[in-house]
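Reader: Could you walk me through one part of this model in detail, the place where the chains meet? I'd like the cut-offs spelled out as you go.

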Amino acid sequence: MKRLQRRSLATFWSVLFFFYVPILVLVVNSFNASKFGGAWKGFTFKWYEKLFQDRAIWQAMENTFAVAVGATLASVVLGTLAALAISRWKGRLQSAHYGLLYTHLVLPDILMGISLLLFFISVGMELSLFTVFLAHTTFCVSYVAMAVLGRLENFDGSLLEAASDLGATPWQTFWKVQFPLLLPGIVAGGLLAFTLSIDDFVITFFVNGAGSETLPVKIYGMIKRSRDLPKINALSTLMMCVTVLAVVASRMMQGRGMRPQKDASAARRPSSPAERREGQGGRVRGAAHHA
Amino acid sequence: MQSAPRTGLLRRIRHHGAELLITAPSMAWMTVFFVVPTVLVLLLAFRPTALDGGVGRGWTLQTWRTISNPNYPSIVWRTIWLSFAATALSIGIGLPCAFAMARIKAQWRSTLVGLVILPFWTSFLIRVFAWRLLLHPEGTISVFLHRTWSVFGWQFRFLAPETTLLYNSFAVLLVMVYTYLPFAILPLYAAAEKFDFSLLEAAFDLGARPWRVFWRIFVPGVRAGVVSAVMMVLIPALGSYVVPDLVGGPNSEMVGNKIYQRALPDRNLPHASALSALLMLGVLLPPGLAWLATRKRHLGATDTDVVAAMNSPSALGNSGGRRRNGVRA
């Protein structure tokens with residue numbers, strides 16, 4: 001047993017090494033005066049300076065945020081409705097509904113990209129930031145729906161019965177009882193949608209038109225041209241700082257938002273470790289989506 | 001004569017009104033932007049190519065005939081072997097990792113999960129780019145391996161000067177494992193955490209060797225995790241585009257790259273559609289088989305399975321929910 005444990009632990013640490021080295025090299029090279037980073041040629045901030053002078057990058061960043069905000073809002077509404085419908089009613093319609101959302105989650109990006117491209121071409125729609133928004137909303141709906149469904153699975157239905165017994169209208173029951181309890185799931189789904197939209201490359205690559213480049217598409221272009229490589233290092237380092245900060249912030253917020261939900265469902269099912277890590281797992285499936 | 005069905009329909013609409021109202025928005029959205037485009041892909045594969053880069057009239061099998069020419073099967077074959085090799089490697093490396101993570105003290109486990117996930121919060125494109133930097137002829141790894149080292153006057157180098165690390169199938173496989181490994185580790189860990197490790201103690205007490213205990217007791221014990229890990233890696237691997245495009249060369253192209261080439265630079269939409277249809281088939285096959293496998297397991301379902309099935313949103317939701325939970329945990 002000891003030996004098995006020692007060996008597996010050694011594998012685990014080497015895997016972590018394998019995970020972190022490329023990223024560390026990238027960060028270090030963003031401060032390296034050498035263009036290709038094979039050897040250390042002195043410390044410099046010049047790549048960061050060049051980065052801040054690049055107007056096109058700022059434009060791409062604006063596009064990225066515009067699409068992400070729009071797609072998040074649209075997909076939160078659509079996804080929450082979908083989850084409510086799927087959890088409340090059974091039957092063939094909801095089976096199909098769930099099947100659609102789920103299949104969409106499983107299919108590789110490139111298939112969604114190509115099918116949406118063909119669709120936009122066939123209906124004669126000009127490729128623009130709007131088509132990017134439509135595509136992003138489509139893939140975000142599935143993630144929001146799954147995040148909210150995860151909440152609804154532990155939802156105590158007797159709370160709704162209690163509300164209507166006490167004379168609340170269905171509308172009041174929803175907004176005063178169900179919605180506040182679902183909010184953490186909706187927020188988690190929204191955050192997931194937002195990060196996925198910001199990070200998406202493949203689908204955007206297929207459906208973006210002239211002047212509607214998002215940041216990942218812009219970075220891809222820079223990688224392909226091979227001219228601005230150190231600038232990408234600098235940009236990546238900055239983006240990493242932002243994502244790590246955002247993730248820490250959202251984890252703290254989620255941790256706060258989880259508590260009332262836990263109290264509500266504590267009587268029925270004690271929260272399992274799986275449940276507690278839900279946010280992380282969802283994010284990971286999200287990243288899988290990008291592959 | 002006509003009023004009877006109509007009132008029936010009206011009554012049904014009134015009866016299901018709330019359901020239809022709440023279902024309609026997302027259902028309509030998904031139909032327009034997912035079902036219709038998917039059907040379109042399948043249809044376009046049987047249309048002829050017009051010379052101006054559009055789609056011609058009528059129906060033809062010409063595209064499929066072109067696809068079976070000698071160039072494509074080698075790309076399909078490469079896509080399959082690279083994806084399966086990446087899956088096998090990810091699971092082979094992921095299993096001992098999951099074992100180690102599940103054996104460590106409980107209070108450290110979430111930290112370890114965090115350490116596995118953290119690098120993957122950076123953009124996918126940037127992680128692939130990082131490898132391009134490392135493997136580049138002037139990159140850190142290449143410089144290290146190509147340099148002439150002398151130890152006690154004996155000179156050697158790891159690689160001949162003319163070998164390049166980038167732009168080949170090896171690089172594609174390496175980077176695929178790098179990007180997909182966490183998706184194998186997490187479901188495996190979720191399964192390993194529920195595994196009863198006293199079974200291993202029992203096997204050791206009965207005199208089994210470590211290797212045998214690992215493969216004959218631990219691995220079968222976490223097979224649900226293995227199934228979801230295979231899905232999590234194999235499906236995106238089959239649809240890879242970015243990895244072979246950025247670190248692969250002309251001899252390591254995969255189906256995803258061909259789809260892009262046919263659709264955008266070549267403007268041969270029927271061709272791109274046929275390749276996409278092929279990929280769709282390949283991607284939906286493994287989950288279909290897994291779904292059948294989990295359904296069969298339900299014949300011997302335990303109480304908790306039945307409860308889970310009752311609580312799940314729909315019949316289909318059951319296998320889906322199971323997978324989702326496996327991934328999330």
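Author: Let's start with polar contacts: a polar contact is a pair of N or O atoms within 3.5 Å, where within protein one must be able to donate a hydrogen and the other to accept it, and residues adjacent in sequence count only if both atoms are side-chain atoms. Between chain B and chain A, eleven residue pairs are in polar contact, both residues at pLDDT 80 or more. On the side of chain B that touches chain A, the largest share, 20 residues, comes from helix H2 (residues 17–44) of chain B; helices here are DSSP runs of H or I with at least four residues, numbered from the N terminus. That side of chain B has 77 nonpolar, 17 polar and 13 charged residues, with Ala, Val, Leu, Ile, Met, Phe, Trp, Tyr, Cys and Pro taken as nonpolar, Asp, Glu, Lys and Arg as charged, and the others, Gly among them, as polar.

Keep in mind that this is a predicted model, where local features need pLDDT of at least 70, side-chain atom pairs count only at pLDDT 80 or more, and totals for chains, interfaces and linings use all residues. Residues are numbered from 1 along each chain as its sequence is written, chains are lettered from A in the order in which they are written, and side-chain values use heavy atoms, with hydrogens and water left out.

As for the contact itself (heavy atoms within 4.5 Å), 107 residues come from chain B and 100 residues from chain A. About 9600 Å² is buried between the two chains, and carbon and sulfur atoms give 77% of that; buried area is the accessible area (1.4 Å probe) lost on putting two parts together, summed over both. One salt bridge turns up across the interface of chain B and chain A, the rule being a side-chain nitrogen of Lys or Arg within 4 Å of a carboxyl oxygen of Asp or Glu. The side chains of Lys224(A) and Asp245(B) meet in a salt bridge at 3.3 Å, N to O.

Methods
Helices (H or I, at least four residues) and strands (E, at least two) are DSSP runs, numbered from the N terminus.
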